[in-house]
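Q: Please take a close look at one part of this model, its aromatic ring contacts. Then set the helix packing beside it.

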Amino acid sequence: MSSEVWVIATLLSSIVLIVVTIVKGKVHPFLALLLASFYVGTLMGMEPLKMVSAMEDGIGGTLGFLAAVIGLGTILGKMMEVSGAAERIGLALQKCRRLSPQVIMVLVGLQVCGITLFVEVGVVLLIPLAFSIARKTRTSLLTLAIPLCTALMAVHCIVPPHPAALYVTNQLGADVGSVIVYGLAVGLFASLIGGPLFLKLLGNRLPFKVVPDAFADIKARDEATLPTLSASLFTVLLPILLMLAKTVAELNMEHASHLYTVLEFIGNPITAMFIAAFTAYYVLGIRQQMKMEGLLNKTEECFSSIANILLIIGAGSAFNGVLKASGLGDSLATILSQLDMHPILLAWLVAIVLHAAVGSATVAMMGATAIVSPIMVHYPDISPEIMTLAIGSGAIGCTMVTDSLFWLVKQYCGATLNETLKYYTTATLVASLMALAGTFLLSYIV
């Protein structure tokens with residue numbers, strides 16, 4: 001068997017191993033990715049100690065940066081939740097009469113989930129707002145939930161500081177500030193077409209759904225108890241603005257200046273999220289008459305929720321490390337560079353197939369990064385920011401029965417399995433295709 005055939009067979013069989021162990025074997029993705037790492041290392045003839053060393057380097061190199069950012073971001077997200085800041089932003093948008101309820105849900109989803117970090121948290125946090133608008137406007141709950149969840153999935157995949165998007169950004173060496181700006185633009189474009197426009201084209205074919213009886217008691221909080229809009233927006237946007245300031249400084253300032261050094265420091269994702277977390281403690285906590293002891297308890301609660309994502313990211317980094325150290329990554333890069341397929345399309349295709357198969361956008365993005373990153377040296381004209389968006393765009397699509405988000409939408413909307421597949425899964429596929437189109441367009445501009 002030729003070396004090229006062996007490399008392709010090893011990679012494809014490792015992906016099949018991941019999919020089968022997660023979907024059929026019900027094995028946690030952390031264990032499935034570690035198993036695939038040992039599998040690839042063995043088939044590529046790596047020495048056992050070198051294999052383990054490559055896995056350790058992959059895990060340490062990634063989590064050394066991401067663990068702090070994810071932990072700080074989770075604090076910020078928790079403060080958005082307990083204070084009601086997310087609901088305040090949604091209520092403010094609801095008062096904009098020129099915006100349709102569907103567009104409002106897109107904007108709320110894009111604004112909030114990139115900070116709350118976990119897409120499922122964003123759904124649970126914002127679904128009471130969708131219930132409230134559905135009751136007031138007497139519209140089908142599907143017309144609100146689909147735009148909301150499509151936007152949440154879009155920002156989940158392509159806008160840092162969300163863990164999956166930040167992981168790909170870091171691995172490909174992309175600039176965080178640039179990915180944020182491009183990601184928000186592409187995410188908004190994709191969400192508006194995959195959500196409101198898609199629903200408009202469906203017209204009366206969309207079934208009317210009321211708030212299910214099981215969730216009838218879930219209501220939005222009293223507006224008087226929520227923080228002000230200015231405080232909510234300031235806290236949400238602070239880390240984004242700090243990271244953008246770093247990007248602007250790198251593009252326009254003399255690198256030897258003191259101001260440049262300051263902006264580089266405060267715009268680093270770890271520093272930016274650290275500042276934002278303590279700002280949230282004060283603005284959304286202490287000023288809202290919360291005690292620091294209570295905030296400490298909330299912090300401990302939210303930390304327990306990030307262990308899962310950290311383990312998955314760590315195992316994905318180990319898999320990536322073995323691909324590189326074994327030489328499979330370089331061999332794969334040579335093979336893929338000879339294919340008559342645009343690298344942006346290839347990145348998108350790998351990510352969407354992995355998402356459909358595994359049911360986790362995070363796992364799909366890490367797998368796609370491991371496969372795609374080695375070929376970037378063959379395409380110097382395509383920036384790492386664009387490749388980051390291409391991978392994220394693919395992970396948006398095919399949110400189906402393998403994904404927990406699919407079942408959240410089904411249950412909250414009281415929809416049948418067929419209805420959820422027909423409308424929500426299709427909406428995410430449309431959004432993914434539009435994100436791909438937006439990424440291609442950006443590649444000719446930046």
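A: Phe 274 and Phe 278 both sit in helix α12 (residues 269-285). They are four residues apart, about one turn of the helix. Helices here are DSSP runs of H or I with at least four residues, numbered from the N terminus.

This is a predicted model: local features need pLDDT of at least 70, side-chain atom pairs count only at pLDDT 80 or more, and totals for chains, interfaces and linings use all residues. Residues are numbered from 1 along each chain as its sequence is written, and side-chain values use heavy atoms, with hydrogens and water left out.

Now the rings. The structure holds four aromatic pairs. Rings of Phe, Tyr and Trp (its six-membered ring) pair if their centres lie within 6.5 Å; planes under 30 degrees apart count as stacked, over 60 as edge-to-face and the rest as tilted. Phe 274 and Phe 278 have ring centres 5.0 Å apart and planes at 55 degrees, so this pair is tilted.

Phe 274 has a relative accessible area of 45% and is partly exposed. Phe 278, at 48%, is partly exposed too. The cut-offs: buried is under 20% relative accessible area, exposed is over 50%, partly exposed is in between (1.4 Å probe, protein chains only).

Phe 278 also pairs with Tyr 281. That pair is edge-to-face, with 5.8 Å centre to centre and 80 degrees between the planes. Phe 278 and Tyr 281 are three residues apart in α12, about one helical turn. Tyr 281 is buried, at 9% relative accessibility.

Next, helix packing. Axes are lines fitted to C-alpha atoms, for helices over the stretch in contact; angles run from 0 to 180 degrees between N-to-C directions. Helix α10 (residues 229-252) packs with helix α11 (residues 258-267) at about 145 degrees, axes 7 Å apart. In contact (heavy atoms within 4.5 Å), the α10 side includes Leu 242, Met 243 and Ala 245, and the α11 side includes Tyr 260, Leu 263 and Ile 266. The contact of α10 with α11 has seven nonpolar, one polar and three charged residues. Nonpolar covers Ala, Val, Leu, Ile, Met, Phe, Trp, Tyr, Cys and Pro; charged covers Asp, Glu, Lys and Arg; the others, Gly among them, are polar.

Helix α8 (residues 163-172) and helix α14 (residues 307-325) pack at about 25 degrees, axes 12 Å apart. Pro 163, Tyr 167 and Gln 171 are the α8 residues that meet α14.

Key
Helix = DSSP H or I, 4+ residues; strand = E, 2+ residues; numbered from the N terminus.
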